[in-house]
Amino acid sequence: MSELQYCTVERDGHLTIVTMRRPEVMNALHYEADLELDRVWTEFADDPEQWVGIIIGAGERAFSTGNDLKAHAKIGGRRQFPPSGFAGLTTRLDLDKPVISAVNGIAMGGGFELALATDIVIAAENAMFALSEPRVGLAALAGGTQYLPKAIGLPRAMGILLTGRRVPAKEAFELGFVTALAPLGGALAEAKKWAAQLLECSPLALRATKAMARQSALSNEFGNILKAEIPAVSRLRSSQDYLEGPRAFAEKRKPNWTNS
């Protein structure tokens, strides 16, 4: 693989560890970073010697705070994603190798969606989850509006999706979208323990198990909905509010919603 700018990849036997490296913006990602991570996960998928993956964010504060809103504000239009989605993973529905997210801090927006897209979620005690897109004129369209209701049921999911509220690690575990908790600074170590258990299993059996479980839980309808042009989504993406939210964030002011 060519030189990486926004992430690093470490291979330890059959384990691949991917670290998002934009700590200066709490590992928020833009289109270029998504493209780079897309290449990383494609290489992981195609490598027969790599059986299990871990995704983590650099630094001690954040897993990922999602969409880089300042970069979004600069382009002044619709945020682009590769077909594989945020971080090259949220809509990569054909990946049958297990991936573990080691959530070592804040997971907001696309960062939360990224965690939801993985198979096992390990959260450090300082982890915090939020789908805060409506607060900045956006919506959780990289999988969050689909993954979260599937994981915890529609009523509880809507309480998170419609408010953008922050969910601490302990509550996330109790709600059921976090697999296991870890002490402060211990998310990666705990993820490696889980990876070690997976690596004791047949890699082909793991892939078959994941493929069947996800097919059963998500179904073909899931992928179709992700790609569908729903009228409310189309209106949002063509609205002034869709531009106003990231612009207000970049300018550090309260957004002026016009509902147009």
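Predicted model: local features only at pLDDT ≥ 70, side-chain atom pairs only at ≥ 80, totals over all residues.

Biologist: Okay, in which strand is the place of Thr19?

Modeller: Strands here are DSSP runs of E, at least two residues, and helices are runs of H or I, at least four, numbered from the N terminus. Thr19 falls within residues 15-20, and that run is strand β2.

Biologist: And is Thr19 buried or exposed?

Modeller: Buried means under 20% relative accessible area and exposed over 50%, with partly exposed in between (1.4 Å probe, protein chains only). Thr19 has a relative accessible area of 11%, so Thr19 is buried.

Biologist: Which residues have the most contacts inside the largest nonpolar core?

Modeller: A nonpolar core is a set of buried Ala, Val, Leu, Ile, Met, Phe, Trp, Tyr and Cys residues joined through side-chain atoms within 4.5 Å. The largest one has 44 residues. Elements that give two or more residues to this core include β2, α1 (31-46) and α4 (144-152). The residues with the most contacts inside the core are Phe129, Leu148 and Phe177.

Biologist: How are the rings of Phe112 and Phe129 arranged?

Modeller: Rings of Phe, Tyr and Trp (its six-membered ring) pair if their centres lie within 6.5 Å; planes under 30 degrees apart are stacked, over 60 edge-to-face, and the rest tilted. For Phe112 and Phe129, the centres are 5.3 Å apart and the planes at 55 degrees, so the pair is tilted.

Biologist: How many residues apart in sequence are the parts tied together by that pair?

Modeller: Phe112 lies in helix α3, while Phe129 belongs to strand β8 (residues 128-130). The pair therefore ties together parts whose separation in sequence is 17 residues.

Biologist: What kind of pair do Phe129 and Phe177 form?

Modeller: Phe129 is buried at 0% relative accessibility, and Phe177 counts as buried at 6%. Their ring centres are 5.2 Å apart, with 80 degrees between the planes, and the pair is edge-to-face.

Conventions. Residues numbered from 1 in each chain as written. Heavy atoms only, no water.
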